[in-house]
Amino acid sequence: MATDEMKSKFEGKWKLYKNENIDAFFSDVGVNFLVRKMIAAGSPTQTITINDDSVKIDVDAGFRKREDVVKFNVEEDKTTENGEPGKMMATYEDGKIKFTQTPNDPKSTVTTMIREREGEELVLTMIRHKDPDIVAKRWFKRL
């Protein structure tokens, strides 16, 4: 695994400055209207730390904090973003960190979150796998 490459590309503190299609994404997740408006208006930070076999992402949205530590290439029991029990796996492929969340309930929706660098920015693409997929993007600048 390219730990040094990941560290140089992703480690650090990042601040959100732009969203795309965020309301539709979180509406599909089941987030209520007022919280969706807070999410859309906020400028959360995320701090990314890479270890030899895992990635840690601390998100601070002011009104809500979340920490995820996931080992690469190991499916782990985790609670999904909308509070459902499920599995999560992190992979590093093609220079991107990819999280896949699979709820235990087969009627629920699989979600993929892909972090990649575009120039000096970090882009988070969030995909709810449906027909058609619901895709949202968030852009961050390094602090």
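A: D94 counts as exposed, at 75% relative accessibility. Here "exposed" means over 50% relative accessible area, "buried" means under 20%, and "partly exposed" is in between, with a 1.4 Å probe and protein chains only. The model is predicted, so local features need pLDDT of at least 70 and side-chain atom pairs count only at pLDDT 80 or more, while totals for chains, interfaces and linings use all residues. Residues are numbered from 1 along each chain as its sequence is written, and side-chain values use heavy atoms, with hydrogens and water left out.

D94 is found in the loop between β6 and β7. Helices (H or I, at least four residues) and strands (E, at least two) are DSSP runs, numbered from the N terminus. The backbone of D94 has a positive phi of about 55 degrees, although D94 is not a glycine. N73 also has a positive phi, near 60 degrees, and is a residue other than glycine. N73 sits in the loop between β4 and β5 and is exposed, with a relative accessible area of 51%. In another loop, between β9 and β10, lies P132. The peptide bond that leads from D131 to P132 is cis, with omega near 5 degrees.

The protein has three helices and ten strands, in the sequence pattern α-β-α-α-β-β-β-β-β-β-β-β-β. An open sheet of ten strands has the order β4-β3-β2-β1-β10-β9-β8-β7-β6-β5, with antiparallel pairing. At its edges stand β4 and β5 (76–79), each with a single partner strand, so one side of each is left without a neighbour in the sheet. Two strands pair if DSSP finds at least two bridges between them. Ignoring direction, neighbouring strands of this sheet are turned by 25 degrees against each other on average. Strands of a sheet pair through backbone hydrogen bonds, either parallel or antiparallel.

Four bridges pair β5 with β6 (residues 85–93) in the antiparallel sense, and D77 stands opposite K87 in β6. D60 has K65 in β4 as its bridge partner. β3 and β4 form a hairpin with four residues between them, and G62 in the turn has a positive phi of about 85 degrees. A61 also lies in the loop between β3 (54–60) and β4 (65–71), and is partly exposed, at a relative accessible area of 31%. β3 is also joined to β2 (residues 45–50), by six bridges and in an antiparallel way. In that pair, T47 stands opposite D58 in β3, and the hairpin of β2 and β3 has three residues between its strands.

α1 lies across β1 (12–20), β2, β6, β7 (96–103), β8 (111–118), β9 (121–128) and β10 (134–142), running at about 80 degrees to β8. Contact means heavy atoms within 4.5 Å. For the angles, axes are lines fitted to C-alpha atoms, for helices over the stretch in contact, and the angles run from 0 to 180 degrees between N-to-C directions. Helix α2 (residues 22–29) packs on the sheet too, touching β1, β8, β9 and β10, and its direction makes about 40 degrees with that of β9.

In α1 (residues 3–10), T3, M6 and F10 are buried. Seen down the axis of α1, the buried residues fall within an arc of 60 degrees, so they line one face of the helix; the arc is that of the directions from the helix axis to the C-beta atoms. An α-helix has 3.6 residues a turn, so residues three or four places apart point the same way. D4 and S8, on the other side of α1, are exposed. T3 is buried at a relative accessible area of 13%. Apart from its neighbours within four places in sequence, T3 is in contact with I50, N51 and D52. After α1 comes G12, whose phi is positive, near 130 degrees.

Last, the protein as a whole: 39% of its 143 residues count as buried, which sets the exposed D94 apart from that group. The C-alpha trace spans about 40 × 30 × 25 Å along its principal axes.
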